[in-house]
Protein chains: 2
Amino acid sequence: METTEEQLLAAIRKVLSGEAPGVVVPVGDDAAVIEPGRHHAILTADMLVEDVHFRLETTSPHDLGYKAVAVNVSDVAAMGGSPRYGLVSLALPPEIEAAWVMDLYGGMRGAAEEHGLALIGGDTNRGDRVVVAVTVYGEVGQGAAITRAGARPGDRLVVTGSLGAAAGGLALAAADADRVKEVLGEDWARSLLTVLERPAARVGEGQSLARAGARAMIDLSDGLALDLSRMCRESGVGAAVRVADLPVAEGLRELQDVLDIDPVDLALHGGEDYELLAALPPHAISQVRQALAERYGTPLTDIGEVTEGALVLDLPDGRQERLEPRGWDHFG
Amino acid sequence: METTEEQLLAAIRKVLSGEAPGVVVPVGDDAAVIEPGRHHAILTADMLVEDVHFRLETTSPHDLGYKAVAVNVSDVAAMGGSPRYGLVSLALPPEIEAAWVMDLYGGMRGAAEEHGLALIGGDTNRGDRVVVAVTVYGEVGQGAAITRAGARPGDRLVVTGSLGAAAGGLALAAADADRVKEVLGEDWARSLLTVLERPAARVGEGQSLARAGARAMIDLSDGLALDLSRMCRESGVGAAVRVADLPVAEGLRELQDVLDIDPVDLALHGGEDYELLAALPPHAISQVRQALAERYGTPLTDIGEVTEGALVLDLPDGRQERLEPRGWDHFG
């Protein structure tokens, strides 16, 4: 049954945050008004498009909403900041049920509550395909934002969590159902799919890395190789990544028994893990690694070094090869 | 020819604002960072969707880009604020040429320069249809934002500019080409189409109305009737609109000779004019009307009164009828 814009907006407004710290005019007016405080403001926008980033048949609206907020929060995390406010613009096909939209907002609200941000506005439209465009406003101390541009030769390269899980989940989701149905119930398979569907934004970890003296930071949305190449380009440096030290996601070895995938290739070139990559002075690593483990249960792995040279891989057999800045191209 | 995401992003970055006042980290990092200053911040997001808000065959990318920014600026204007920064998320079908995207950004940049805002970020994706999702960050003095909620019985209702032009332009654009081809070159027809394609955001006018003591304000994106009903609902008031005093757009009388349209109906229920509707204390009108005429060449028309009753139309023959809160429903 079709819903009018007014009916849907009224329903959406109920799941949006009304009162929240710093909100002067909440959702429901021409625009929201907030009180910025004395911090610098971080602004980021990311869009998820049906049949490009997700498929309606295989994606729950709750997970989609969660992810649409989380990928934006991840960008704030990569600056060392705290998310505060979010705006959501939607395109929705007429056949979408109001209950589906409520579940979508439920997922957005879940991610928002988890990360302490208030959803304060947006726009709802008809469209042929579902499009979820989120903007997040975050805060960071004056002059304290960590860009991609400060890495220096001699810095260590560290990543949070593990790599390749989302790409593994995507391979599972895209595989012939008969071929993978026996493994879909297993823990390792669920863990891969969970990273794809509900990625963790590393907000506390990003702040800890910033405090520990991170010189450059980026979130791994498009894969380690491509995102590292971006950090290196902005910093005017090179990097050597030790393949043997990559924190390859658990489950990829098991996945390799079922599908024709290469765990190391997914860890290097698979996108959507939303882990953080940072360049740290060598002396800073052990303390922040301990802090991340204790506070968030998140491992931090030293995967290599910032250099003055090119982007290279140190292979387990001692050879070195160029690291192709190939990754998750949303245009590919 | 298809372009990769990296190539397109590099081209887009060239047309985006690099250095701008208050920008700490410009476009090109995980997120932009700005220095908010001591004002309150206004946040608004609006999305334009292919085949809902525009058609590729009849819309120039330059106009589309201009409008995508202008409709967001209009929301900032309706709060009495100044636009400062914009973020742009795009979905683009693979067959879209890079030149088309550059023209789109050219239009966005035109609107941005006209209104003094810097485009500082966004996201580019593949999609089946073109979607342009813009977020604008604006500023307003602390406690000075004009919401929809302050109108009081006895206030006068005033509108900037004229009404119904965009709906007239839409009727022209949608009409059988043979039927309207003889008039498309005439000034009145061009003026209707221009409002549809390149709406003026009333930023200076909104600030003048705020300074003059506007108690409530809204921009007319969905038509006078629907947007007035929203203002009345939020303010807990009614309104009486005098039909004889409506500033019906020039050109609609001529359009009536060609197409089966009712100028007053378009002025009441046609959307996308992006004029401002404000509730003003009666004594404040004459001075701000003069200011708007002198500074911006924009007329300000007294169209009726805020009441304690329902939403009604005062007809030219002395009768009164209910004003249906029917307008431009993007879900219709």
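**Exercise 1.** Which residue just after H7(B) takes a positive phi?

*Solution.* Keep in mind that this is a predicted model. Start with helix H7 of chain B, which spans residues 203–211. Moving just past H7(B), you come to B:Gly213, whose phi is positive, at about 100 degrees.

**Exercise 2.** Is H7 of chain B mostly covered or mostly uncovered?

*Solution.* Buried here means under 20% relative accessible area. By that cut-off, B:Val203, B:Gly204, B:Glu205 and B:Gly206 are buried, and so are B:Ser208, B:Leu209 and B:Ala210. That gives 7 buried residues of the 9 in H7, and the helix is mostly covered.

**Exercise 3.** Describe how H2(A) and H3(A) cross, and what meets there.

*Solution.* First find the helices: in chain A, H2 covers residues 61–77 and H3 covers residues 98–115. Their axes come within 6 Å and cross at roughly 40 degrees. Next, the hand: this crossing is right-handed. Then look at the residues that meet: from H2(A) they include A:Leu64, A:Tyr66 and A:Val73, and from H3(A) they include A:Trp100, A:Leu104 and A:Met108. Finally, sort the residues of this contact: 11 are nonpolar, 6 polar and 2 charged.

**Exercise 4.** What scores does the model carry?

*Solution.* The ipTM is 0.92 and the pTM is 0.94. For chain A, the average pLDDT is 93, and 96% of the residues score at least 70.

Conventions:
Residues numbered from 1 in each chain as written. Chains lettered and ligands numbered in written order. Predicted model: local features only at pLDDT ≥ 70, side-chain atom pairs only at ≥ 80, totals over all residues. Heavy atoms only, no water. pLDDT = per-residue confidence, 0-100. Buried < 20%, exposed > 50% of the residue type's maximum accessible area, 1.4 Å probe, protein only. Helix = DSSP H or I, 4+ residues; strand = E, 2+ residues; numbered from the N terminus. Axes fitted to C-alpha atoms, helices over the stretch in contact; angles between N-to-C directions. Left-handed = near helix turned anticlockwise from the far one by under 90°. Contact = heavy atoms within 4.5 Å. Nonpolar A, V, L, I, M, F, W, Y, C, P; charged D, E, K, R; others polar.
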